[in-house]
Amino acid sequence: MDLGVCYYPEHWPETRWAEDAALMRETGLTRVRIGEFAWSRIEPEPGRFDWGLLDRAVEALHEAGLGIIMGTPTATPPKWLVDRMPDMVAIDREGRPRGFGSRRHYCFSHEGYRDEAARITREVATRYGNHPGVVSWQTDNEYGCHDTVQSFSPAALDAFRQWLAARYGNIASLNEAWGNVFWSMEYRSFDEIELPNLTVTEANPAHWLAFRRFSSDQVIAFNRAQVDILRELSPGRDITHNAMGFYTGYDHHDLAADIDVLGWDSYPLGFLEMFRFTEEEKRIYARQGHPDIAAFHHDLYRGCAKGGRWSVLEQQPGPVNWAHYNPAPLPGMVKLWTLEAFAHGAEMVSYFRWRQFPQAQEQMHAGLLRPDGKPAPALGEARECADELGKIASEAGSRKEVALVFSYDSEWITQIQPQGQGRSALWAAFSCYSALRKLGLDVDIVPPTAELDGYALVVIPCLPIVDEALAERLGKFAGQIVIGPRTGSRTRDFALPDNLAPGLLEELVGGKVVLSESLSERMTIEGDGWTGGGWLDRYEGKAEPEFVGRNGEVACWRHGNARLLAVWPEGELLQLAIERASSEAGLDAAPLPEGIRRRTRGNLRFEFDYLNAEVSWQALS
Ligand code: GAL
């Protein structure tokens, strides 16, 4: 277990580096990430390399005993490169170029830029690949940040047509699979297909889904090209990448398959402010973050990562600069977030960033040091964490209690066709996760391909595409199963299955969904001690109604070991259904007080208190 920090030697005078490195070590940090935005310094002019700065920085950090995570600088191509290839920038959905002057100004499909990215990766890897101080590599930085996965450029169009041809073989199959007879959308050849933006009304959802898959594949291919070079030139080093919070623009299961350690960037206060939490949650957790934000991503990315190896590559140390409002964390929160990550199995927590840079876009973003180089409050908390890591390190492994199934194309489908405002597969997963964690359970968020043996409970919040392998595993699963709306409701090409939802899960739930409605907030279903709504699936079959509203509408059906939620998975009804399923699964599940979360690591049980108020309860059973 390591603590680390993101450092930008190019921001500071060289005379300061040794002092910085010594203070990092004294704080107990053992890792330092550098280089990911340094292209304009490494190669100030086309083909002219100036390695001096990075060479000396690597030496200074290495000499201090820090292990270096070296970034490939491809998120920030320099101006001269963009001027040489102006068409390398991405084109937005409205058809406008996304130009130079910040970062991530490239299109994943642009062949010329792909060559340049490979070239600079090769240069950096040749220079530092065998340096004893370089312990791992980070590819690029936050693929998709600033909404950069999709590009509507000529390069993307070209590549999309090729991708479709390879996938469908002939145009008749594509027309058939997408149902293009509808509205006379039939094509005569792949060359007639356009990108799905700029249509008069919504494009065919099958067209969008194909474009989302294609765009994701372009990210994976771009990353893989770097991985191949790094494996060749820097053997024995781990390769990582930093994913983001509440972000589904590419398939992280696919990306994780190519790297060794999946990282993610944890900004609990920024995420609370920017995402769909209630006003009340934003008020009571303003300086802590909602208690499930960080944990949800820890468990999600652990489930994506090959061999379960993951880390936090950036953690908020103080106010950020990019949310609607940017408060400082309560004293103690930086420590809590850090220890919580280790409780969930992180290999490393690295803070973003060492020292606040007084210029440019992030001048208001905190670091472990203030802009004047003096300690900011988080430095002391990092030091306390370093002192406590020893106590945790000896324990490893987590309990297998609940598997929560999530796939990236589920979220693409609910974004493309929400059917009701806000009906998102990602947020359905988050609210199921939260309901489980409020009961003190440990949750693994797993892909649909995961083995389910050993779990007591499987929760599938919203998984429109269910394949035969998953249906078979669920059929054999002996524990309890909870299935949410829209599960099994689509084929791979975005059509309704012939036997209607839940498609291949018909036998498991003993029937089918014959009508789906989405309900506004005005149309709730009131039951005995619960309110449900958001969605309503009308079911026909052998299942028994379990939760029935006073108006006779059924919010949850029960058949054998499976429950079928007919309403959207959120709120009181979800909590009750999850509670019942957990206790029938034999899990030790009991509601925790507001703001408290529990996590087990080996023989250690952690309890995290996110509430800035007094709570009293019997913590240990
Ligand atoms: C991340 C990014 C960092 C920095 C940080 C600020 O998204 O990877 O480079 O911008 O946000 O919070």
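Arg423 has a relative accessible area of 10% and is buried (buried means under 20% relative accessible area, exposed over 50%, and partly exposed in between, with a 1.4 Å probe and protein chains only). This is a predicted model, in which local features need pLDDT of at least 70 and side-chain atom pairs count only at pLDDT 80 or more, while totals for chains, interfaces and linings use all residues. Residues are numbered from 1 along each chain as its sequence is written, and side-chain values use heavy atoms, with hydrogens and water left out.

**Arg423**

- Arg423 sits in the loop between helix 15 (408-416) and helix 16 (425-437); helices (H or I, at least four residues) and strands (E, at least two) are DSSP runs, numbered from the N terminus.
- A polar atom of the Arg423 side chain is 3.2 Å from the backbone oxygen of Gln421.
- Apart from neighbours within four places in sequence, Arg423 is in contact (heavy atoms within 4.5 Å) with Thr414, Pro418, Gly534, Trp535, Trp568 and Glu570.

**Ala366**

- Ala366 is found in the loop between strand 8 (348-351) and helix 14 (377-393).
- Ala366 counts as buried, because its relative accessibility is 10%.
- Residues up to four places away in sequence aside, Ala366 touches Pro317, Gly318, Pro319, Phe352, Arg353 and Gln356.

**Ligand site**

- Oxygen atoms of the ligand lie 2.9 Å from a side-chain N or O atom of Asn141, 3.4 Å from one of Tyr267 and 2.8 Å from one of Trp322.
- On its own the ligand has 310 Å² of accessible area, and the protein covers 95% of this; accessible areas come from the Shrake-Rupley method with a 1.4 Å probe, and for residues only the protein chains shown count as cover.

**Surface patch**

- Val181, Phe182 and Trp183 make up a nonpolar surface patch, together with about 390 Å² of accessible area.
- Phe182 belongs to the loop between helix 7 (171-178) and helix 8 (205-233).
- Phe182 is classed as partly exposed because its relative accessible area is 48%.
- Patches consist of residues with over 30% relative accessible area and no salt bridge, with nonpolar side chains (Val, Leu, Ile, Met, Phe, Trp, Tyr) joined within 5 Å and like charges within 9 Å; a salt bridge is a side-chain nitrogen of Lys or Arg within 4 Å of a carboxyl oxygen of Asp or Glu.

Terms used. A polar contact is a pair of N or O atoms within 3.5 Å; within protein, one must be able to donate a hydrogen and the other to accept it, and residues adjacent in sequence count only if both atoms are side-chain atoms.
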